[in-house]
Amino acid sequence: MNIIQVHLNEGRSAELKRQLISEVTSVVSRTLGNTPETIRVLINEVPEEKWRVAGVPIRLYRKQI
């Protein structure tokens, strides 16, 4: 069994997450030669206040660039 974890900011629609899971499953299946039934995709949604870039909260970092 293959387990793929994806970390995303919160706020994506259920449909977009379904599409992401489907695409990741297809790519991993093709690349590793495994059947889709052996692939698990886990989405971890992280609140924005927990994201940091170079030690700076993501909201402040975006304003800098």
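**Exercise 1. State what share of the contacts with a separation of 6 or more in the protein chain comes from residues 24 or more positions apart.**

Solution. Residues 24 or more positions apart supply 65% of those contacts, a contact being heavy atoms within 4.5 Å. The model is predicted: local features need pLDDT of at least 70, side-chain atom pairs count only at pLDDT 80 or more, and totals for chains, interfaces and linings use all residues. Residues are numbered from 1 along each chain as its sequence is written, and side-chain values use heavy atoms, with hydrogens and water left out.

**Exercise 2. Give the order of elements in the protein chain and decide whether the chain is compact or spread out.**

Solution. Step one: the protein chain has two helices and four strands, taken as DSSP runs (helices H or I, at least four residues; strands E, at least two) numbered from the N terminus. Step two: from the N terminus on, the order is β-α-β-β-β-α. Step three: the radius of gyration is 15 Å, well over the 11 Å that the globule rule gives for 65 residues, so the protein chain is more spread out than a compact globule. The radius is taken over C-alpha atoms, and the rule is 2.2 Å times the number of residues to the power 0.38. Step four: along the principal axes, the C-alpha atoms fill a box of roughly 45 × 25 × 20 Å.

**Exercise 3. Find the largest nonpolar core and the elements that give two or more residues to it.**

Solution. Step one: of the 65 residues, 22% count as buried, meaning under 20% relative accessible area, with exposed over 50% and partly exposed in between (1.4 Å probe, protein chains only). Step two: the largest nonpolar core has six residues, Val 6, Leu 8, Val 24, Val 28, Ile 39 and Val 41. Such a core is a set of buried Ala, Val, Leu, Ile, Met, Phe, Trp, Tyr and Cys residues joined through side-chain atoms within 4.5 Å. Step three: β1, α1 (14–32) and β2 (39–46) each give two or more residues to this core. Step four: beyond its neighbours within four places in sequence, Val 41 contacts Ile 4, Val 6, Ile 21, Val 24 and Thr 25.

**Exercise 4. Classify Met 1 and Asn 2 as buried or exposed.**

Solution. Step one: Met 1 is in the segment before β1 (2–9), and its relative accessibility of 70% makes Met 1 exposed. Step two: Asn 2 lies in strand β1 and is buried, with a relative accessible area of 17%. Step three: leaving out residues up to four places away in sequence, Asn 2 touches Leu 32, Asn 34, Thr 38, Ile 39 and Arg 40.
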